[in-house]
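Below is a short briefing on one protein model, for a reader who wants the cut-offs stated.

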Amino acid sequence: MAAVGVEVNVGCDDGETNAAVKVPERVLRRDQARLEEAERRRNVKESQTVTEEKSDFFASTFNAEKTAVEEMLSGCNDNDRDKAAKTLEEATLKIQQLQKFLNDSIMFLTQYEIRQAQASLQKLQTSLAEKRDEVLPKKKFAFRSRNTGASKQPASVQQTTDTSASDAVGTVVVDAAVSVVQCGFSHADNQVLTKQAEEIRQRDVLLSHLTNCKVRLYGCPSTLHIKNIRGCEILCGPVSSSVFVDQCTDSTLVFPCQQLRTHNTTATQIYLHVTSRAIIEDCHGVRFAPFTWTYPGIHDHFKVAGLDPNRNNWTEVDDFNWLAAGVPSPNWTVIPETERISSWDAV
């Protein structure tokens, strides 16, 4: 059988050209494959170099800004209340900018780098809340006046635990699992609970130990903590930074935010608008759909929160318990369009 090939001209030393030589096609294919593989490896190497450079730039920039915020908080005191309030406001803005910087960089960071950055941001949020409580004693006095029993708590507990004013029962509840929180609802069953925009604007909000409650937060908090929730329906306006969910069961959560962190949650629906990515860990039976709630003033609250209403990555969910590449996590799914809720009851 004649070999299949391509004719090429072969040159001689005297400049003349000999008769054409037939090169087998398989040899040409092999050479082409070698060239393509070499090009692929070069592209991979260049891409890896770019990613490493971006990662190094993120680390240096993030750490420099974090240090600047820490120094700002360290130098803040109660000698001048106006100056202290201005410093705390500036620190809040810088922390929000750091969160946005992390959100924009998350695509080329490793999960370890993301966790480290999130831990640093959470520590900054805690330091900010503690410093605010320290240099603005008026808020601290208001907290004590609503719960005379708080003075009986050991001093170390008051400094390291969280407080959440429960409008349902008129008391203040201590929850040691979350950083200092200024307002919210705790320990309520079968109730309708609401907060208006002026009550939660750019504040940390805690919802904890709620059962069969309907919650409506008509505003834009700085951070939202949802902990120990069962059978609840919680709707919240745009959250400037992160929403932290822990120990939530048989509930429906609806909110926009920069980032979502969900732990130990089962059988829960989340109607989400997130400008970075959602993260779940130790979760089962969590279902996602796009955010669908609206109320008067929500567009202005998106602006205050610094969230882009046209950018929603609700389907980009990272499961820290599922690292199999190319295989969907069994711990979360998308709610079919026919099952999604498009309008919500007013309360």
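Of the contacts (heavy atoms within 4.5 Å) in the protein chain with a separation of 6 or more, 39% are between residues 24 or more positions apart. This is a predicted model, in which local features need pLDDT of at least 70 and side-chain atom pairs count only at pLDDT 80 or more, while totals for chains, interfaces and linings use all residues. Residues are numbered from 1 along each chain as its sequence is written, and side-chain values use heavy atoms, with hydrogens and water left out.

**Overall make-up**

- The protein chain has 7 helices and 17 strands; these are DSSP runs numbered from the N terminus, with helices being H or I of at least four residues and strands E of at least two.
- Of the 347 residues in the protein chain, 42% are buried; buried means under 20% relative accessible area, exposed over 50%, and partly exposed in between, with a 1.4 Å probe and protein chains only.

**Nonpolar cores**

- A nonpolar core is a set of buried Ala, Val, Leu, Ile, Met, Phe, Trp, Tyr and Cys residues joined through side-chain atoms within 4.5 Å.
- The largest nonpolar core has 36 residues, of which Phe 255 and Phe 288 touch the most other members.
- A second, separate core has 23 residues, among them Ile 95, Leu 98, Leu 128 and Val 135.

**Cavities**

- There are 2 cavities of 30 Å³ or more in the structure; a cavity is a set of points on a 1 Å grid over the protein atoms alone where a 1.4 Å probe fits but cannot get out, and lining residues have an atom within 4 Å of a point.
- The largest cavity holds about 50 Å³ of space, where grid points are joined across faces, edges and corners and a volume is the space filled by probe spheres set on the points.
- Ile 95, Gln 99, Gln 118, Leu 121, Gln 122, Gln 125, Ser 241, Ser 242 and Phe 244 line the largest cavity.
- At least two lining residues of the largest cavity come from each of α2 (81-105), α3 (111-135) and β11 (239-249), and α3 gives the most, with 4 residues.
- The lining of the largest cavity has 3 nonpolar, 6 polar and no charged residues; Ala, Val, Leu, Ile, Met, Phe, Trp, Tyr, Cys and Pro count as nonpolar, Asp, Glu, Lys and Arg as charged, and the others, Gly among them, as polar.

- Gln 247, in strand β11, is not a glycine but has a positive phi of about 55°, and is partly exposed at 37% relative accessibility.
- Asn 264, in the loop between β12 (252-263) and β13 (266-274), also has a positive phi, near 50°, and is partly exposed at 32%.
- Thr 262 lies in strand β12 and is buried, with a relative accessible area of 0%.
- Leaving aside neighbours within four places in sequence, Thr 262 is in contact with Val 245, Ile 270, Ile 279, Ile 280, Glu 281 and Cys 283.

**Cysteines**

- The whole structure has 0 disulfides, a disulfide being a pair of cysteine sulfur atoms within 2.5 Å.
- For Cys 220, the nearest cysteine sulfur is that of Cys 236, 8.9 Å away; Cys 220 is buried at 2% relative accessibility.
- The sulfur of Cys 248 is too far for a bond, because the closest cysteine sulfur, in Cys 232, is 7.5 Å away; Cys 248 is buried at 0%.

Methods: 1 Å grid on protein atoms, 1.4 Å probe; cavity = no way out; pocket = protein on both sides within 12 Å on 5 of 7 lines; lining within 4 Å.
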